[in-house]
Amino acid sequence: MKTLKLIPFLLLLTLTSCSTVTVYSDYDKTVDFTPYKTYAYFKPGIDKVEISDLDKRRILRAIDDQMQAKGFTKSDNPDLLVNIFTKSREQVDVNQFTAGWGYGWGWGWNPYMMYGGQTTVSTSTEGTLYIDLIDAKKKEMIWQGEGIGTLTRNIDKKDEKIAEFVGKILAQYPPVKK
């Protein structure tokens, strides 16, 4: 019976561990976001980002797609400057599963667990993408979005993963004032 109660928990744990991108945003509550209609990239900031040029271009293309979908146009005289920043860290997961013969039913100490134990170790890279929107005239950041998720080295899935990061981050712009 205890095993049946544990199954929904394990399914929930599996689903949440597969969750893709977690996003957060912050903004200046005194700013009216409606006048902003054009954008350009903040080149000095973009040049400092320490990722491959290929990934950088993927991110900028995804930002272009999202900004244009929101009705923004690229301009040489923009209302907004867009900057990005990235971080990454390795995650190591260690899972132990032990099964064996013991006394009675249920969970508890099992003197024979050493016979059925299995340990697996897996690594993944967790990445964080920040997208900053800066008022071009005042040179002040007015909005920042952050996305955190597992990165992939699979070239066939990189475009999709980056588009997911950028799409979820920029879905929070413009902020809804409460």
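These legends go with a few close-up views of a predicted model.

Local features here need pLDDT of at least 70 and side-chain atom pairs count only at pLDDT 80 or more, while totals for chains, interfaces and linings use all residues. Residues are numbered from 1 along each chain as its sequence is written, and side-chain values use heavy atoms, with hydrogens and water left out.

**View 1. The fold order is α-β-β-α-α-β-β-β-β-α, read from the N terminus.** That makes 4 helices and 6 strands (DSSP runs, with at least four residues of H or I for a helix and at least two of E for a strand). Of the 178 residues, 31% are buried (buried is under 20% relative accessible area, exposed over 50%, partly exposed in between, with a 1.4 Å probe and protein chains only).

View 2. The whole structure holds 7 aromatic pairs (Phe, Tyr or Trp rings, the six-membered one for Trp, with centres within 6.5 Å; planes under 30 degrees apart are stacked, over 60 edge-to-face, the rest tilted). Tyrosine 27 is partly exposed at 22%, whereas phenylalanine 33 is buried at 8%.

**View 3. Tryptophan 143 pairs with tyrosine 173, also edge-to-face.** Here it's 5.5 Å centre to centre, with 75° between the planes. Tryptophan 143 belongs to strand E6 (residues 140-150) and tyrosine 173 to the segment after helix H4 (155-170), so the pair ties together parts 30 residues apart in sequence. Tryptophan 143 is buried at 0%, and tyrosine 173 is buried at 2%.

**View 4. One aromatic cluster takes in Tyr27, Phe33, Tyr36, Phe72, Trp143 and Tyr173.**
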